[in-house]
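Hi,

Here is the structure I promised to pass on. Have a look at it first, and then read my notes below.

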Amino acid sequence: MNLTERDKKYVWHPFTQHKTAGDQLEIVKASGVTLFDAGGKEYIDANSSWWVNVHGHGHPHIGKAISEQFNTIDHIVFAGATHPKAVEIAERIVEKTPGNLQKVFFSDNGSTAVEVGLKMAFQYFFNSDKPRRKVVALNGSYHGDTFGAMSVGQRGYFNTPFESFFFDVDYLDFPTESNTQTVLNQANELFSTGEVAALIVEPLVQGAAGMRMYSPEVLDQLTEIARKYGSLVIFDEVMTGFGRTGKLFAMDHCKHKPDIVALSKGLTAGVMAMGVTVASQEIYEGFLSDDKGKAFLHGHSFTANPIACAVACANLDLFEDEKTIQNMKELVIWGEAFKEQLSEMKTVRNARQSGTIVAFEVNTGNEDTYFSDVRERAYAYFLEQGVLLRPLGNTIFVNPPYSISKTEYSHVVRTVIDFLESL
Ligand SMILES: Cc1ncc(COP(=O)(O)O)c(C=O)c1O
């Protein structure tokens with residue numbers, strides 16, 4: 001049996017209707033921004049392998065960190081023990097995030113980082129004997145696929161079978177230039193009940209909803225309203241973190257900072273699975289008690305895995321390197337030119353950019369939907385041209401590793417423009 005046949009026989013893929021899905025792409029090697037399939041064809045990883053890969057594949061500095069850490073400590077229990085790389089990455093994250101964020105809790109991915117943030121928020125109020133049971137989120141949000149994370153996400157197609165198990169969430173309209181006052185009024189009404197434990201948002205860019213962008217000013221106003229009524233504010237920076245919006249974190253664009261931040265994806269350069277939830281000192285202190293039941297009784301077997309922590313440290317080394325900063329600046333400039341080009345095309349609607357992300361809708365004449373058939377055509381065309389992009393319905397977006405070269409980026413741009421011209 002070849003790889004595809006074995007895959008079909010034994011593997012269940014994410015987000016895949018196996019009855020109708022075609023063959024999976026067989027990727028047998030990755031280097032820099034290039035993926036190689038079994039037949040030797042090359043693809044530019046213009047989606048950063050699901051938004052995780054920030055410095056390219058097989059980076060030697062990351063490889064060295066893995067190998068050194070493996071030969072030092074591969075894994076230890078993190079309840080009752082600690083290790084140097086966990087402490088180092090916690091210190092460095094606290095240094096790079098706003099001053100109020102002081103304590104780092106480790107988990108395994110973006111969903112668990114969000115799950116931990118929500119549990120912290122609920123238990124913070126529970127511990128203070130003033131329980132709050134509600135959460136406010138934005139329409140169109142996506143925060144992951146575990147139960148808490150699904151609960152605060154957009155209700156609908158992706159989670160219908162589970163909806164009856166979800167906790168109470170109210171949704172604000174997604175803020176646009178024309179509805180700001182309505183959204184702020186909705187927020188005032190919801191938070192003023194005093195029942196809301198937390199506001200949770202993907203700051204500035206909603207990823208899975210189709211790279212929908214909104215302003216730091218509106219987010220600041222929402223944070224202010226939540227705070228006024230004693231609610232906590234959670235930023236899910238799983239996608240936006242580590243440079244996607246042009247700054248290290250989306251919250252760096254905001255005046256008001258969150259009480260809890262969830263990080264993953266770019267945290268480990270797209271190489272190891274890890275998430276962290278960073279909480280304010282005040283929240284942490286809400287768990288200190290002589291009563292052991294008030295502790296945060298949550299953990300995972302691989303909590304603070306030393307190899308993942310070492311990779312996260314090496315990842316930050318690269319972010320501190322002038323070369324990465326320069327690459328990111330260039331990518332933002334190339335993105336601006338790409339956006340301008342897109343804006344002039346009749347087949348394009350709402351070309352937009354946030355830092356290193358460029359996105360737009362293909363004008364289909366129909367409503368925007370995740371199941372738009374443009375998605376399949378675009379995906380196949382891009383692959384044929386040696387570019388891996390994952391359109392969300394008729395929303396096409398480009399978010400490559402920051403190490404992509406001008407020539408590689410130009411090939412991606414040319415491919416997208418050629419596709420649009422072929423319509
Ligand atoms: C904003 C956001 N939060 C959470 C998640 C879930 O992360 P993971 O897939 O690592 O569980 C994602 C994943 O795409 C995301 O974009």
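With 423 residues, a compact globule would have a radius of gyration near 22 Å, and the protein chain agrees with that, at 22 Å. Keep in mind that this is a predicted model. Along the principal axes, the C-alpha atoms fill a box of roughly 65 × 55 × 45 Å. Of the 423 residues, 44% count as buried. If you look at contacts between residues at least 6 apart in sequence, 71% of them join residues at least 24 apart. The chain has 13 helices and 16 strands.

Now the domains. The domain assignment gives domain 1 as 3-58 + 322-421 and domain 2 as 63-319. Their centres, taken over C-alpha atoms, are separated by 26 Å. The contact between them takes 24 residues from domain 1 and 20 residues from domain 2. On the domain 1 side, α2, α11 (322-343), β13 (348-354), β14 (357-362) and β16 each supply at least two residues. That side of domain 1 divides into 10 nonpolar, 12 polar and two charged residues.

Two of those elements come with a residue to look up. Strand β16 covers residues 395-398 and includes Thr395. Is Thr395 buried or exposed? Thr395 is buried, because 23 other C-beta atoms lie within 10 Å. Thr395 and Val374 are 21 residues apart in sequence, and their C-alpha atoms are 9.0 Å apart in space. In helix α2 (residues 48-51) you will find Ser49. Ser49 has 18 C-beta neighbours inside 10 Å, so it counts as partly exposed.

Next, a sheet you can trace by eye. Four strands form an open sheet in the order β1-β2-β3-β15, with mixed pairing. Why do β1 (27-31) and β15 (387-388) stand at the edges? Each has a single partner strand, so one side of each is left without a neighbour in the sheet. Here is how the pairs go:

- β1 and β2 (residues 34-37) are antiparallel, with four bridges. Lys29 has Phe36 in β2 as its bridge partner.
- β2 and β3 (residues 42-45) are also paired in the antiparallel sense, over three bridges. Phe36 stands opposite Glu42 in β3.
- β3 and β15 pair in the parallel sense, over two bridges. Here Ile44 stands opposite Val387 in β15.

The hairpin of β2 and β3 has four residues between the strands, and Gly40 takes a positive phi near 90° there.

On the subject of phi, most residues other than glycine have a negative value. Two residues here go the other way. Phe242 is not a glycine either, yet its phi is positive, at about 60°. Where does Phe242 sit? Phe242 is in the loop between β10 (232-236) and β11 (260-263). With 28 C-beta neighbours inside 10 Å, Phe242 counts as buried.

β10 and β11 pair in the parallel sense over three bridges, and the bridge partner of Phe235 in β11 is Val261. β11 is also joined to β12 (residues 275-280), this time running antiparallel and with four bridges. In that pairing, Ala262 stands opposite Thr277 in β12. Both faces of β11 are covered: Ile260 and Ala262 are buried on one side, and Val261 and Leu263 are buried on the other.

Last, the ligand. Which residues are closest to the ligand? Of the 14 residues that surround the ligand, the closest are Asn109, Gly110, Ser111, Gly144 and Val238. Helix α5 (residues 110-127) gives the largest share of this shell, three residues. By class, the shell has five nonpolar, seven polar and two charged residues.

Best wishes

Note on methods: Residues are numbered from 1 along each chain as its sequence is written. This is a predicted model: local features need pLDDT of at least 70, side-chain atom pairs count only at pLDDT 80 or more; totals for chains, interfaces and linings use all residues. A residue is buried if 20 or more other C-beta atoms lie within 10 Å of its own, exposed if 12 or fewer, and partly exposed in between; C-beta atoms are placed from the backbone. Two strands pair if DSSP finds at least two bridges between them. The radius of gyration is taken over C-alpha atoms; the globule rule is 2.2 Å times the number of residues to the power 0.38. Two residues are in contact if their C-beta atoms, placed from the backbone, lie within 7 Å. A residue is near a molecule or strand if its C-beta atom, placed from the backbone, lies within 6 Å of it. Ala, Val, Leu, Ile, Met, Phe, Trp, Tyr, Cys and Pro count as nonpolar, Asp, Glu, Lys and Arg as charged, and the others, Gly among them, as polar. Domain bounds come from an automatic or database domain assignment.
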